[in-house]
Amino acid sequence: MKRACLLTGEPGVGKTTIIKQALEHARTKAGGFFTEEIRDHGVRRGFRIIALDGQSAILAHTDFKSPHRVSKYGVDIEGLDRVGVTALKDAIRDCDLVVVDEIGKMELFSPSFRGAVLEALDSGSRVLGTIMFSSHPVADDIKRHPNVAVVSVTKANREQVLSQIKRWLETPDRAEHRR
């Protein structure tokens, strides 16, 4: 497999869960971030970014007034850059594995985020992440990056994909990447 593995698929098939489960067994230093839903009485109100070092920020929320919007959510580019981009840059510098969950419409509003993702893909570190399923000019370019393998996840194949990702993480890195 290539140096970067990006999982794609419909929302709710388990892409983030696969990454979290694979990281539980990984014997490599990882950095980066995850996103999670913010719910209020069972209703999704937004999304939070949580860096692997514990830093967090609200990425998007129904209460945010922002020129950057996806559906009913206003997107906080400053929070994304402060927590998400910083986590990516720290991981590129200090870790063997960069986790980026996710590369989606909200995140792609940020030029700093787009640059950090490309830097990660070209860094020599392994990259494990998720990328939006639908077509988007920037996401499509990332999917075609020469270091990227895109793996489609469905409810039917998610256990197989989890096994594949675990094997990929356990395989010694053939590139002699030294910082």
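At what angle do helix H1 and helix H5 pack, and how far apart are their axes? I opened the predicted model to find out.

**Entry 1: two helices**

I located H1 at residues 15-25 and H5 at residues 158-170. I read off an angle of about 40° between them. Their axes lie 9 Å apart.

Next I listed who meets whom. From H1 come Ile 18, Gln 21, Ala 22 and His 25. From H5 come Arg 158, Val 161, Leu 162, Ile 165, Lys 166 and Leu 169. I sorted the residues of this contact by class: six are nonpolar, two are polar and two are charged.

**Entry 2: Tyr 73**

I moved on to strand E6, residues 73-75, where Tyr 73 sits. Is Tyr 73 buried or exposed? I noted a relative accessible area of 5%. Buried means under 20%, so Tyr 73 is buried.

Then I looked for its partners, skipping neighbours within four places in sequence. Tyr 73 touches Arg 44, Arg 45, Gly 46 and Phe 47, among others. Its contacts also include Ala 60, His 61, Thr 62, His 68 and Met 106.

Which side chain makes a polar contact with the side chain of Tyr 73? I found Arg 44, at 3.0 Å.

Last, I checked Asp 63 against Tyr 73. The two are 10 residues apart in sequence. In space I noted 7.5 Å, C-alpha to C-alpha.

Conventions:
Residues numbered from 1 in each chain as written. Predicted model: local features only at pLDDT ≥ 70, side-chain atom pairs only at ≥ 80, totals over all residues. Heavy atoms only, no water. Axes fitted to C-alpha atoms, helices over the stretch in contact; angles between N-to-C directions. Helix = DSSP H or I, 4+ residues; strand = E, 2+ residues; numbered from the N terminus. Contact = heavy atoms within 4.5 Å. Nonpolar A, V, L, I, M, F, W, Y, C, P; charged D, E, K, R; others polar. Buried < 20%, exposed > 50% of the residue type's maximum accessible area, 1.4 Å probe, protein only. Polar contact = N/O pair within 3.5 Å; in protein donor to acceptor, adjacent residues only side chain to side chain.
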